[in-house]
Amino acid sequence: MRAQQFRLNVKNQDFFNYYIHNKGSSNSDEIARKKEFLTEAIIEDLTPMQRYCLTEYHLNGVKQKDIAAKLGINSSTVSRHIAAATKKLRRTARLYR
């Protein structure tokens, strides 16, 4: 399995600049900005299949076997898509600790 690197794009750089210069901002502003950044990461960094499987499973509560049946793929493939998407988002979220 090849390692994937985090891509520091313009939007990511904007976030880092904002974070560095506005550490004293309110907690709600910071949480809103993190949510916005993670939403952008979901849209930009995940493949369409990873995004679909992740949102169906976590946001809509659809079981993996039902997602697999709808897509006509094996449920273990759905599980791998969800795991890969989660790994990418955890790597992105780790930058904000």
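Good morning. The model is predicted, so local features need pLDDT of at least 70 and side-chain atom pairs count only at pLDDT 80 or more, while totals for chains, interfaces and linings use all residues. Residues are numbered from 1 along each chain as its sequence is written, and side-chain values use heavy atoms, with hydrogens and water left out.

I begin with the overall fold. The protein chain has five helices and zero strands; here helices (H or I, at least four residues) and strands (E, at least two) are DSSP runs, numbered from the N terminus. In order from that end, the elements read α-α-α-α-α. Of the 97 residues, 23% count as buried, where buried means under 20% relative accessible area, exposed over 50%, and partly exposed in between, with a 1.4 Å probe and protein chains only.

I turn now to the second largest pocket. A pocket is an open set of points on a 1 Å grid over the protein atoms alone, with protein on both sides within 12 Å along at least five of seven lines, and its lining residues have an atom within 4 Å of a point. This one holds about 190 Å³ of space, a volume being the space filled by probe spheres set on the points. Helices H2 (27–45), H3 (48–59) and H5 (75–94) each supply at least two lining residues, and H3 gives the most, with four. Among the lining residues are Leu-38, His-58 and Thr-86. By class, the lining has six nonpolar, three polar and no charged residues; Ala, Val, Leu, Ile, Met, Phe, Trp, Tyr, Cys and Pro count as nonpolar, Asp, Glu, Lys and Arg as charged, and the others as polar.

Three residues deserve a word. Phe-37 belongs to helix H2 and is buried because its relative accessible area is 3%. Phe-37 and Thr-92 are 55 residues apart in sequence, yet 9.1 Å apart in space, C-alpha to C-alpha.

Lys-88, in helix H5, is buried without a salt bridge, that is, a side-chain nitrogen of Lys or Arg within 4 Å of a carboxyl oxygen of Asp or Glu. The nearest side chain of opposite charge, Asp-45, is 7.4 Å away. However, the Lys-88 side chain reaches the backbone oxygen of Asp-45 at 3.2 Å.

Finally, Asn-60 lies in the loop between H3 and helix H4 (64–71). Asn-60 counts as exposed because its relative accessibility is 51%.

Notes. On a 1 Å grid over the protein atoms alone, a cavity is a set of points where a 1.4 Å probe fits but cannot get out, and a pocket is an open set with protein on both sides within 12 Å along at least five of seven lines; lining residues have an atom within 4 Å of a point. Lys and Arg count as positive and Asp and Glu as negative; His and the chain ends are not counted. A polar contact is a pair of N or O atoms within 3.5 Å; within protein, one must be able to donate a hydrogen and the other to accept it, and residues adjacent in sequence count only if both atoms are side-chain atoms.
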